[in-house]
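Let's take a friendly walk through one protein model, going from a single pair of residues out to the whole chain. Keep the structure open beside you as you read.

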Amino acid sequence: MTLPVQPDRFLADLHKLRSFGASGTGKGVVRRAYTPADLDARDWLAEQIAAAGLTPHFDEMGNLFGLAEGPSLLMGSHSDSQPEGGWLDGALGVIAALEVARAAKEAGGPAVSMVSFQDEEGRFGVTTGSAVWSGHMSQEAADRLTDTDGVTLAEARAVLGDRVAGPVEQGRFTGFMEMHIEQGPWLDAEGDRIGVVSDIVGIRSMMITFEGEQNHAGTTPMHLRKDAFQAMVTFAGRLNERFRNVVTPSTVWTNGHVTLHPNATSVVPGKVTFSMQWRDAETDRLGRMETIIRDTAREVAEETGMAVDFGDMLWLDPVAMDGRLKGALADAAEAVAPGKWREMPSGALHDATNVAQHMPVAMLFVPSIGGISHDFAEDTAEEDLVTGLKVLAGAVARLG
């Protein structure tokens, strides 16, 4: 069978979703979780779900489901954005899921449900909405999370009001498929139009603090300083050398956030807290990297006479895609874009990581122009968006 997806309807809905929180800069959006733009987008999406013959359903986190009757395949992604977000990150998977579910309903089957998970982009955590829905994090623990302004998640989600209809059981779904932009350069650079995801890398992340001695920048001799910033620089450089024989070309690690105290021009900084994040597809390698990170930080602290502290660690293990779902995507990719698709890992984290705790999952990528994402300049050719939609629909038809 085939599913009668309508590319024009799909693209119109995708552009309509972009209007909620439009940045005014290119196609960018600012649609952070629980903000007015996010709620307006979700209310509009709930209307489209109902018009498609599905049942719109908000859970306690604000995850919005479009439910088919009986057991069904679940599809979707997220519709919240980064502070300076692209129009496709997450939104593509939500609207593609809507179009495929709508087409399946119009064709008389198979049963397809859809979801837009909340706070995937991390205003309060990492993939927070799907983490709570999957049980990876309790609602009580999530409610204690705060954003950069000190607002708790409990306070933020209070704006959901009477939208909340209660929990959605994971057992009603037979599997999960998520379509997404690649957010990397490989498909665009190589001229491929589809990426069938093999696995999602694991992630480890924690904050590290070096505490030395705050002092006058003009009168403190260099050999007597306990400069916390210099300790961080030494740590980062040494870490790169020690990872050299452990990592692979696809392994990545990042120090992305730094807080320096007192952060003044004429003061030797006495304290630095910085993020340490690393990603790889092998759980064992992630563990070996953690050992190197902790040992190197302690070594630098001892050499410089400083204290070192490690914050709580966030971790998500690598997730392999389900063979049956992945095979359906691969078969559809070859039919729609023969010779122009590849199997590839995902270096970015996605809601599918959490959903995989309860059901088989698979993911599909379309190219990101220039490999750009998490930026107003993020974009994908509409021809590639439609190709991805057709591959997704083709896979559902094969599974149905």
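This is a predicted model: local features need pLDDT of at least 70, side-chain atom pairs count only at pLDDT 80 or more; totals for chains, interfaces and linings use all residues.

## A strand with several partners

Strand β12 covers residues 271–280. Is this strand mostly buried or exposed? Eight of its 10 residues are buried, so β12 is largely enclosed by the rest of the structure. Here "buried" means that a residue has under 20% relative accessible area.

Now look at the strands that pair with β12. Strand β7, residues 202–211, runs antiparallel to β12, and 10 bridges join the two. Strand β9, residues 252–254, also pairs with β12 in the antiparallel sense, over three bridges. In this pairing, Trp253 stands opposite Trp278 of β12. Strand β10 is antiparallel to β12 as well, with four bridges between them. There, His261 faces Lys271 across the pairing, standing opposite it.

## Two cis peptide bonds

His261 brings us to another feature. The peptide bond from His261 to Pro262 is cis, with omega near 5°. Pro262 lies in the loop between β10 (258–261) and β11 (267–268).

Another cis peptide bond joins Gly109 and Pro110, and its omega is about 0°. Where does Pro110 lie? Its place is the loop between α3 (91–107) and β4 (112–117).

| Residue | Phi | Relative accessible area |
|---|---|---|
| Asp119 | near 50° | 0% |
| Asn263 | near 65° | 59% |

Asp119 is found in the loop between β4 and α4 (128–134). Is Asp119 buried or exposed? With a relative accessible area of 0%, Asp119 is buried, because the cut-off for that word is under 20%. Asn263 sits in the loop between β10 and β11, which is also where Pro262 lies. Its relative accessible area is 59%, so Asn263 counts as exposed, a word used for values over 50%.

## The whole chain

Now zoom out. How many helices and strands does the protein chain have? Its secondary structure comes to 12 helices and 17 strands. The C-alpha atoms fill a box of roughly 80 × 50 × 40 Å along the principal axes.

How does the radius of gyration fit a globule? For 400 residues, a compact globule would have a radius of gyration near 21 Å, and the 23 Å of this chain agrees with that.

Buried residues make up 53% of the 400 residues. The accessible surface of the chain comes to about 16,500 Å², and carbon and sulfur atoms account for 50% of it.

Contacts tell us how the chain comes together. Of the contacts between residues at least 6 apart in sequence, 78% join residues at least 24 apart.

Finally, consider charge. The chain carries 33 positive and 56 negative side chains. How far apart do the centres of these two sets lie? The distance between them is 2 Å.

Definitions and conventions:
Residues are numbered from 1 along each chain as its sequence is written. Side-chain values use heavy atoms; hydrogens and water are left out. The radius of gyration is taken over C-alpha atoms; the globule rule is 2.2 Å times the number of residues to the power 0.38. Buried means under 20% relative accessible area, exposed over 50%, partly exposed in between (1.4 Å probe, protein chains only). Contact means heavy atoms within 4.5 Å. Accessible areas come from the Shrake-Rupley method with a 1.4 Å probe; for residues, only the protein chains shown count as cover. Lys and Arg count as positive and Asp and Glu as negative; His and the chain ends are not counted. The place of a charge is taken as NZ of Lys, CZ of Arg, CG of Asp or CD of Glu. Two strands pair if DSSP finds at least two bridges between them.
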